[in-house]
Amino acid sequence: MNTIKILWVDDEIDLLKPHILFLEKKNYNVTISNSGTEAIDILDDTNFDIVFLDENMPGLSGLETLHEIKEKQDNLPVVMITKSEEEYIMEEAIGNKIADYLIKPVNPNQILLSLKKNLDHSRLISEKTTSNYQLEFRKIAMDLAMVNSYEDWVQLYQKLIYWEIQLEDIEDIGMFEILESQKNEANVQFGKFIDKNYASWFEPHTDAPIMSHTLFKEKIAPELSKKQPTLLVVVDNLRYDQWKVFEPIINNYYKKENEEAFFSILPTATQYARNAIFSGLMPSDMEKLFPKYWKNDTDDGGKNLFEKEFLESQMKRLSLNHLNYEYHKITNIKAGKKLADNFNSQKNNDLTVVVYNFVDMLSHAKTEMEVVKELASNDKAYRSLTKSWFKNSPLLDIIYQAQALGCKLIITTDHGTINVKNPSKVVGDKNTSLNLRYKTGRSLTYDSKDVLVVKDPKQVHLPTINMSSSYIFAKSDLFFAYPNNYNHYVNYFRNTYQHGGVSLEEMIIPFAIFKPK
C-alpha cells in the first residue's frame, strides 16, 4: 500500500508538531509549509493526496490559497482549518469545493477522521456494505423460504433493490453475483406465487393488492380536489430500481408524503396495464363497454390511442367531472419541450396528467440500436442512463414548474421491464400475438414449466381473440422464441429489455405522492 502524502499549511506549524508526529506514527507522510505562497510552490513540484490548510494566515490568506490550489488541481482534496466560525468564510470555502471544514483547536483524532472520510471513504464504505449484505443475505434467504403474501413480496423486492443499488459501486464482484443469484431465485418463487394467487385477486371479498385497474379509484382520486392542483406523471415502463435512482432529484423540489408499490395486471404491457389505469377497468370490460376504443393484439392500429377518453369516462364514473383536467402524452423531446415551455397554461387545472414515454422508447431502442445496447448493457447501466435522461429532460422542467405553481405531484408507471436472457420455445398459428413475454392465440405449444398459463381468459378478465384462445406468460427472465430461425432470433433478443410477463421487475411498480417544498 502506498503511503498517503499530506501537505499541511499553517503559519504556526511548529505548534502542530504533536499532530504531525501522531500522523507519522500512523504511517502518513506529512510535508509542512508556513505560508500559502510556499505551499503553491511545493504543489508545483510534488503530488499530494490531501492538503490541510489554515484559513487565517498573513500574506496569501487561506481562502486565496484555496482558490489557487483549485485552479491548479481541482480534484485535490483540501481540508480548511480555521479559528473563525463566521458564516461567510464557511460559504466561501464550501463554494470552492473543500473536502472538509474543521474548527480550531483540532485534536489528532479529528484529523485522522477527516483523512479516513476523504481518502478511505470508498474502501470503508465498500467493506461495510459487503459485510452488511453478508449478514442480510441470510435473512433474505430465510424470507424467501417463507414469503406467502403480496405484502411480503413487495417488502422482499424492495429489499433486493436496496442492496442492488448499494452494491453496484463496490469492487466485490462476488457479492454482486450472489445478489443476482438471490434475485433469480426470488423471481422463480414469485412466478409460482403469481401462478397460484393471481386469478383469486379478482374474486369478490378477496384480499388483493392495489392493481392497475384499481389504482386511480383507490389512490389517485382521493388526492384530487379544487383546493390544490395535482400533476400526475405516468412514466411508461419504469422499473422500481430506476425510480429509486432518480427520486433524489425530485426531492430537491418536493417532499415525499407517501410511497407504496402496486401490481401491474397481466399482461404487463402498455395496451393492457396503462389503459386499465386510465379506464379503471380490466381489459375484457374495456372491450365490452368501449368496443370502439379497445383493440386486441392482432388488430391493426395503435393499441392505446384512447387513454384520454378512458380517463374522461372514469372521472365521470367517480363523480370527479367537476374538476378541470387535461391529459398530455409525450412521445418525443419536441412534445416534451413544448409542454414545458407552455406549462404555465396548466395553472387553472385541478389535475394535469402527463404520460411520458421515454423509458419505453429506451428499452425498444436497446433491442434495435447497437449504441444503446452498449449504453444499457445491464441493469446498473440501464438505471444510470434513465437517471441521466431524467436530469436533463423536459419532464424535470415540468416538475420544477409544477412545484412553483404549488401543485401536488403524483408519480407512477404502468409496468416495469426485465432483461431477458434465456429463450423458451413456443409454437402458434399465424394469429398468435407477437410479444416476447406473453402470447395469446389458439393451439399454443410451449414448455409448461416456463410459463403461467391462462386457459380461460375470462377468469382473469382478459379478452379473447376467438373462442379457444388462451394466454401464456413467460416467467423469470425467459423470452419466447419460435423454432424457425431460432438461433438468429435468440441472439437478436437475448439481453434486451422486454415486458408483458411475470417477474418482480415487471409487476411490482412504484406509486409516490409529493407535496411542494
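**Entry 1: the core.** I noted before anything else that this is a predicted model. I then looked up the largest nonpolar core, which has 100 residues, and I wrote down the residues with the most contacts inside it, namely Trp153, Phe190, Ile194, Tyr198, Phe216, Ile250 and Phe263. Helix α7, which runs over residues 150–167, gives this core its largest share, nine residues. I also followed Ile194 and, leaving aside its neighbours within four places in sequence, I found it in contact with Trp201, Phe263, Leu266, Leu452, Val502 and Met507.

**Entry 2: α7 and α8.** I reminded myself that two packed helices are described by the angle between their axes and the distance between the axes. For α7 and α8 I noted an angle of about 160° and axes 11 Å apart. Because an angle over 145 degrees counts as roughly antiparallel, α7 is roughly antiparallel to α8. The contact involves residues of α7 including Tyr150, Trp153 and Leu160, and residues of α8 including Met175, Phe190 and Phe193.

**Entry 3: Gly174.** This residue lies in helix α8, residues 173–197, and I recorded it as partly exposed because its relative accessibility is 30%. I also checked its separation from Ser433, which is 259 residues apart from Gly174 along the chain, and the C-alpha atoms of the two are separated by 40 Å.

**Entry 4: α19.** Which residues of helix α19 are buried? In this helix, residues 486–493, I found Tyr489, Val490 and Phe493 buried. They cover an arc of only 95° around the axis, so they sit on the same side of α19. I recalled that an α-helix has 3.6 residues a turn, so residues three or four places apart point the same way. On the other side of α19, Asn487, His488 and Asn491 are exposed. Just after α19, I noted that Asn495 takes a positive phi of about 65°.

**Entry 5: Lys449.** I then looked up Lys475, which is 26 residues apart from Lys449 in sequence, and found the two 8.9 Å apart in space, C-alpha to C-alpha.

Definitions and conventions
Residues are numbered from 1 along each chain as its sequence is written. This is a predicted model: local features need pLDDT of at least 70, side-chain atom pairs count only at pLDDT 80 or more; totals for chains, interfaces and linings use all residues. Side-chain values use heavy atoms; hydrogens and water are left out. A nonpolar core is a set of buried Ala, Val, Leu, Ile, Met, Phe, Trp, Tyr and Cys residues joined through side-chain atoms within 4.5 Å. Buried means under 20% relative accessible area, exposed over 50%, partly exposed in between (1.4 Å probe, protein chains only). Helices (H or I, at least four residues) and strands (E, at least two) are DSSP runs, numbered from the N terminus. Contact means heavy atoms within 4.5 Å. The arc is that of the directions from the helix axis to the C-beta atoms. Axes are lines fitted to C-alpha atoms, for helices over the stretch in contact, and angles run from 0 to 180 degrees between N-to-C directions. Angles under 35 degrees count as roughly parallel, over 145 as roughly antiparallel, 65 to 115 as roughly perpendicular and the rest as oblique.
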